[in-house]
Amino acid sequence: MTAVHEISHDTVAAAVRGAGAIEHADGRVLVRRLPDWTKAQYPDVTIETGASFLSGVRLELDTAASLIELRLLFRRLHLESAGFPLRPCVVSVEGDGELLHFVRDEGDVLRVDADWTAHHVPGATSVIRARLPRGGRSRRVVVWLPHNCAAEVVSLSADAPVDASAHRAPRWVHYGSSISNASEADDPTGVWPVIVARRLGLDLYNVALPGNAQLDGFAARTIRDTPASVITLKLGINVVNAASMLHRTFVPAVHAFLDTVREGHPHTPIVVISPIFCGPHESAPGPTEFRDGKATTRASADATAGGALTLQGIRQALVEIVDRRSRTDPYLTYRDGLTLLGPDDAARLPDDLHPDAEGYGLIARNFVDELAGILPGDAVLDDLPS
């Protein structure tokens, strides 16, 4: 059986979930996780690259099809300068209780050399053919787009009609760093917020910006303007990695970020999550360097005398901020990141900073019950778009 029903780009765009911007260009559907207006508000190309990674982004379809064919153009990032390998892209297709994974190493490559010169290397379009059990009935099929690269949808076809799914669920908006993007996961469904969202049946919007969870105003305004039933903010690790703030600037920045988010969500539960364990920075500040594939720092603990931030200092500051604000904000709570992945789990951090696939699963298992416990009982109807 061949995929004879060509699905319009309008239907594809309507099926996208977990994205901040969707556009049609050159006969393709382009997706990114930050709204287009944010492009004018950041100076660093790495933010745009991270926003183009599709962690948590998926197509939700209603169809009776047993064959779905996707043509995708991937754009992978190869950071030769940091010694990070060029990883394949993975697409996961979920339907009828089955989860199929498709690994591809085609597509464009943005290669960044040791001197941080970027080179665009064009590549071929990838074809994904997912065969699902024939049920003779319409059901929801979810196509999880790659978590570790950008992807453009060139075409979608199937052996039966396809519509954008009418399924609605409570929306969870999560903000975080590369650890929340989880590029080291084996596939898109191994991203720890995705594991939690699938377990609880949530509509995830993963605002995870690798290296760039820096409490920027454009990120706060994006969350403020996005309908949500629950919000989680995983704060601090990138501030230490980049040595971008001192204690003096970090505390007001967190308050400002929370103030902005609260403007759009006065009664939505918000959980502030502090960093998971990272040995090099527990008591020594950044900036982070990578040597022989391991995270390290050239700073000493003595640097904290000038207000430089360590992870221990970040956690203490966040405890104090949430304690102070929660006296008048009953919907704000704190979760210690060490309870998600702590020093006893250091073996799950191959580079001493990012978890491996098992580590991401551990974070998800340790957080799922807490998120379930604070989700409003009527969340399916609260703060969701019509």
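**Exercise 1.** In which loop is D292 found?

*Solution.* Start with the strands, which here are DSSP runs of E with at least two residues, while helices are runs of H or I with at least four residues, both numbered from the N terminus. D292 sits in the loop between β19 and β20 (294-297). Next, look at its backbone: phi of D292 is near 55°, a positive value in a residue other than glycine.

A word on the model: it is predicted, so local features need pLDDT of at least 70 and side-chain atom pairs count only at pLDDT 80 or more, whereas totals for chains, interfaces and linings use all residues. Residues are numbered from 1 along each chain as its sequence is written, and side-chain values use heavy atoms, with hydrogens and water left out.

**Exercise 2.** Find the residues that a cis peptide bond joins.

*Solution.* The bond lies between G286 and P287, with omega about 10°. Then place P287: the loop between β18 and β19 (288-291) holds this residue.

**Exercise 3.** Work out the strand order of the open sheet of five strands.

*Solution.* Strands pair if DSSP finds at least two bridges between them.

Now zoom in on one pair. Strand β18 (residues 270-273) runs parallel to β21, joined by four bridges. Here V272 stands opposite Y334 in β21.

**Exercise 4.** Count the aromatic pairs and name the cluster that ring pairs link.

*Solution.* Apply the rule: rings of Phe, Tyr and Trp (its six-membered ring) pair if their centres lie within 6.5 Å; planes under 30 degrees apart are stacked, over 60 edge-to-face, and the rest tilted. The count comes to four aromatic pairs. Ring pairs link W172, W192 and F367 into a cluster.
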